[in-house]
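Please read these notes alongside the structure. They are set out as numbered points.

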Amino acid sequence: MPVPLAPYPSPPVPFTTPENGYQSQLVCSGCRNLLLYPVGATSVCCAVCSAVTAVPPPGTEMAQLVCGGCHTLLMYIRGAASVQCSCCHTISLAIEANQVAHMNCGNCRMLLMYQYGAPSVKCAVCQFITSIGASTSAAEQKFNT
């Protein structure tokens, strides 16, 4: 006499793109992975760590920066003055593009970015500290005007 088999579990429902096709993204509050979600969602559950991350209200402009301590990608609400990393707790300045100046390193000539008003800038490549105003090359004048 044949033994009846248990029915197969139903397959998972595949993700469907919202009708308007728009998706947005945010960084998981648990594992810091980038999460995609349909526009209109109020929270997102991470498939990797199961952390639930709240979605900012519609119309909130987000910006990204790399943590100065552990180099993790951080997302924050645009306009914030600083951002604290949830991984290493380093506080990074959230500098807008119009608050930034550029110059070449006085040692290795790497193009450096620094906040207006800083007296000097340290090169992340060679660790050389260049005084602002110490160099007057054409490229630096172009970026500093």
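1. Leu 34 is partly exposed, at a relative accessible area of 45%; buried means under 20%, exposed over 50%, and partly exposed in between, with a 1.4 Å probe and protein chains only. Leu 34 belongs to strand S2; a strand is a DSSP run (E) of at least two residues, numbered from the N terminus.

2. This is a predicted model, in which local features need pLDDT of at least 70 and side-chain atom pairs count only at pLDDT 80 or more, while totals for chains, interfaces and linings use all residues. Residues are numbered from 1 along each chain as its sequence is written, and side-chain values use heavy atoms, with hydrogens and water left out.

3. The largest nonpolar core consists of ten residues, including Leu 26, Tyr 37, Ala 51 and Met 75. Such a core is a set of buried Ala, Val, Leu, Ile, Met, Phe, Trp, Tyr and Cys residues joined through side-chain atoms within 4.5 Å. Strands S1 (23-27) and S2 (34-38) each supply at least two residues of this core. Another core, of eight residues, lies apart from it, and Cys 67 and Cys 85 are among its members.

4. Ala 51 touches Cys 28, Ser 29, Gly 30, Val 44, Cys 45 and Cys 46, residues up to four places away in sequence not being counted. Contact here means heavy atoms within 4.5 Å.

5. Is Thr 130 buried or exposed? Thr 130 is buried, with a relative accessible area of 4%, and sits in strand S12 (residues 129-131). Its side chain reaches the backbone nitrogen of Gly 106 at 2.9 Å.

Definitions and conventions: Helix = DSSP H or I, 4+ residues; strand = E, 2+ residues; numbered from the N terminus. Polar contact = N/O pair within 3.5 Å; in protein donor to acceptor, adjacent residues only side chain to side chain.
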